[in-house]
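Here is a short report on charged side chains and helices. Look over the sequence and the 3D view first, then read on.

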Amino acid sequence: MGDLPACEEATRRWRALDPFDANAWLILGNARSKAGDPDGAMKAWERAATFDANLFPAFKNLAAVYEQLGFVQRAAMAWSRAHDLAPDPDTRRRIEERLARRQ
């Protein structure tokens, strides 16, 4: 809802209870991204992807932030994984189009 400090605090408490919960890391990354902290977002999303290798939003967000930060190879790998995890054919098609534009 836009209250980023409250979100940071809530996810800090959540992670204190279960530091391996990928969703807590995903939400933390989203909050840091909204706060204009791409490096912090990247680190949180990497944790989310580590703790749940099937978490589509973590890989999609990682791919976008890797591109933003200039990590071309990492972005390609994250987009590939996001493609494999995409929830529907339309999302897979959009990822394919994005990858084709990069080449």
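Which residue caps the N-terminal end of H6? Aspartate 88 does: one of its side-chain oxygens lies 3.1 Å from the backbone nitrogen of aspartate 90.

Some ground rules come next. This is a predicted model, in which local features need pLDDT of at least 70 and side-chain atom pairs count only at pLDDT 80 or more, while totals for chains, interfaces and linings use all residues. Residues are numbered from 1 along each chain as its sequence is written, and side-chain values use heavy atoms, with hydrogens and water left out.

**Helix H6**

Helices are DSSP runs of H or I, at least four residues long, numbered from the N terminus. H6 covers residues 89-102. The expected span of a helix is 1.5 Å times one less than its number of residues. For the 14 residues of H6 that gives 20 Å, and its end C-alpha atoms are 20 Å apart, which agrees.

**Salt bridges**

Side chains of opposite charge can pair when their charged atoms come close. A salt bridge here is a side-chain nitrogen of Lys or Arg within 4 Å of a carboxyl oxygen of Asp or Glu. The structure holds 9 of them.

| Pair | Closest N and O atoms |
|---|---|
| Arginine 32 and glutamate 8 | 3.2 Å |
| Glutamate 46 and arginine 74 | 3.3 Å |
| Aspartate 90 and arginine 94 | 2.5 Å |

Take the pair of arginine 32 and glutamate 8, 3.2 Å apart at the closest N and O atoms. Arginine 32 lies in helix H2 (residues 22-34) and glutamate 8 in helix H1 (residues 4-17), so the pair ties together parts that are 24 residues apart in sequence.

Glutamate 46 and arginine 74 form another salt bridge. Glutamate 46 sits in helix H3 (residues 38-51) and arginine 74 in helix H5 (residues 72-85), so this pair ties together parts 28 residues apart in sequence.

Aspartate 90 and arginine 94 both lie in helix H6, 4 residues apart, about one turn of the helix. An α-helix has 3.6 residues a turn, so residues three or four places apart point the same way. Asp90 and Arg94 also belong to a network of salt bridges with Arg93 and Glu97.

**Exposure**

Buried means under 20% relative accessible area, exposed over 50%, and partly exposed in between (1.4 Å probe, protein chains only). Arginine 32 is partly exposed at 22%. Glutamate 8 is partly exposed at 27%. Aspartate 90 counts as partly exposed at 35%, and arginine 94 is partly exposed at 43%.

Key. Helix = DSSP H or I, 4+ residues; strand = E, 2+ residues; numbered from the N terminus. Polar contact = N/O pair within 3.5 Å; in protein donor to acceptor, adjacent residues only side chain to side chain.
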